[in-house]
Amino acid sequence: MRAAFIEQNGPPEAIRVGELPTPEPGPGQALVRIRAVAINPIDLYLRSGQVAMPMAFPYVIASDFAGVVEKLGPGATGVQVGDRVWGSNQGLLGRQGVAAEFAAIDQEWLYPTPALLPDVDAAAMALVGITAHLGLFHRGGLRAGESVYVPGGAGGVGSMVVQMAKAVGARVATSAGSPERVELCRRLGADLALDYKADDVPARLREFAPEGIDVWYETQREPDLETNIPLLRKRGRMILIAGRSARPILPLGSFYPRDGSLLGFAMFNATAEEQRPAGAEMVRWIEEGRLKALVGHEFALEDAAEAHRFLESNTLGGAGSLAGKVVLLVD
Ligand SMILES: NC(=O)c1ccc[n+]([C@@H]2O[C@H](COP(=O)([O-])OP(=O)(O)OC[C@H]3O[C@@H](n4cnc5c(N)ncnc54)[C@H](OP(=O)(O)O)[C@@H]3O)[C@@H](O)[C@H]2O)c1
């Protein structure tokens, strides 16, 4: 089968596209014919070696997938041949990745793809949607009527946070780095969409939520806690998901008297069972038309290295040429 893989950690050029043996589905696994794969920042860190996880070489890149069940392994009864499925969490913690014509995947990670949803969209929503859901609800305990702020509402995680928070009746503010992306945030449903390059974001957030923000979903790798903690409401929750080398200053005098909470998490620590409510609710919201994918750029599988370079220049380099997800088309 055709696959995009690495034989050692390195820059995007380490990615090769070539033939690998088609895997056989093991006990409880389904062999999925992959149609679309989304690329996430974690894929960049795993490829480069910046994040170390067990990895068998040749290591097929990518976590997020959508496709069709081709064959079942022994004891796999949760899906049937021909089912359209999507999911995430592959290529992580020793599991093989999915940027290939086929992938053998434990059935516990598979969700049904809504009938009208293209595979590209299903793949694009996978890791970012589950991350947004875990952060907002499992960690953040968001309730209807509360206020939310997420920087980067036209980004992968941010675009999911905006829509999910609106889906449960929260008031949502966000920001983006160009007038076009600010407009995109409004179309996703944001009540307040700011241009972080032009607007005074803290001042506008104080107007938006005079008592403070209930759930601050931080997506930045260098969060400015000194500025942001005083913008939290009493009993406010700040979700932290990025910044392995960040050493922000924590203004304790603003933090503890407001009964604040700093809640960090990595989605890959959540078990399939813990992630299942997120996947199930995403399917329901997609079917109800309340959750849509934001696909920024599509590449062919053959151009996987270029796709990594492109995402790297945006998420890490701040190029500003991407709104939404980078997706690889597999056939
Ligand atoms: N812990 C976890 O489980 C987990 C899961 C998923 C992702 N992550 C991490 O979360 C981060 C975001 O991931 P992603 O996939 O959403 O990345 P992404 O799609 O590249 O989004 C990053 C967003 O940040 C925005 N941004 C950049 N500078 C900003 C600023 N000064 N103020 C406000 N917004 C700003 C960008 O907006 P513009 O493009 O408009 O400039 C963009 O929308 C990454 O570091 C990733 O590694 C962690």
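Predicted model: local features only at pLDDT ≥ 70, side-chain atom pairs only at ≥ 80, totals over all residues.
Me: Okay, and how do I read the overall size? What radius of gyration does the protein chain have?

Reply: The idea is to set the value beside what a compact globule of that length would give. For 331 residues that would be near 20 Å, and the protein chain has 20 Å, so the two agree.

Me: Which domains does the assignment give?

Reply: A domain can be made of separate stretches of sequence, so read the bounds carefully. Domain 1 takes in 2-117 + 293-329, while domain 2 covers 128-267. Their C-alpha centres lie 28 Å apart.

Me: How many residues of domain 1 are in contact with domain 2?

Reply: For a boundary like this, count the residues on each side. Here 7 residues of domain 1 are in contact with 9 residues of domain 2. On the domain 1 side, the residues that touch domain 2 split into 2 nonpolar, 4 polar and 1 charged.

Me: Now the inside. What share of the residues is buried?

Reply: Buried residues make up 49% of the 331 in the protein chain. The largest nonpolar core has 102 residues, and Val-32, Val-37, Ala-99, Ala-123, Val-148, Val-161 and Leu-328 have the most contacts inside it. Helix α2 gives the largest share of this core, 12 residues. Both domain 1 and domain 2 supply at least three residues each to this core.

Me: What does Val-148 touch?

Reply: Skip the residues up to four places away in sequence, and the partners of Val-148 include Leu-142, Ala-165, Val-172, Ile-213 and Tyr-217.

Me: Can we try single residues? Why does Val-60 count as buried?

Reply: Burial is about counting neighbours. Val-60 has 24 C-beta neighbours inside 10 Å, and the cut-off is 20 or more, so Val-60 counts as buried. Val-60 is in strand β4 (residues 59-60), and among the residues it touches are Ala-3, Phe-5, Gly-91, Val-98 and Ala-100.

Me: And Ile-15, is that buried or exposed?

Reply: Buried, because 22 other C-beta atoms lie within 10 Å of Ile-15. This time the residue lies in a loop, between β1 (2-6) and β2 (16-19). The contacts of Ile-15 include Ala-4, Arg-47, Ile-61, Ala-304 and His-308.

Me: How do I compare distance along the chain with distance in space?

Reply: Val-60 and Ile-15 are 45 residues apart along the chain, with their C-alpha atoms separated by 9.1 Å. Ile-15 and Pro-251 are 236 residues apart in sequence and 43 Å apart in space, C-alpha to C-alpha. For the whole chain, take contacts between residues at least 6 apart in sequence: 72% of them join residues at least 24 apart.

Me: Last one: which residues come nearest to the ligand?

Reply: List the shell, then ask who supplies it. There are 30 residues around the ligand, and Pro-151, Gly-152, Gly-155, Gly-156 and Gly-177 come nearest. Elements giving two or more residues to this shell include α1 (41-48), α3 (156-167) and β10 (171-176). By class, the shell has 14 nonpolar, 14 polar and 2 charged residues, and each of domain 1 and domain 2 contributes at least three residues.

Notes
Residues numbered from 1 in each chain as written. Near = placed C-beta within 6 Å. Helix = DSSP H or I, 4+ residues; strand = E, 2+ residues; numbered from the N terminus. Nonpolar A, V, L, I, M, F, W, Y, C, P; charged D, E, K, R; others polar. Contact = placed C-beta atoms within 7 Å. Buried ≥ 20, exposed ≤ 12 C-beta atoms within 10 Å, placed from the backbone. Rg over C-alpha atoms; globule rule 2.2 N^0.38 Å. Core = buried A, V, L, I, M, F, W, Y, C linked by C-beta atoms within 7 Å.
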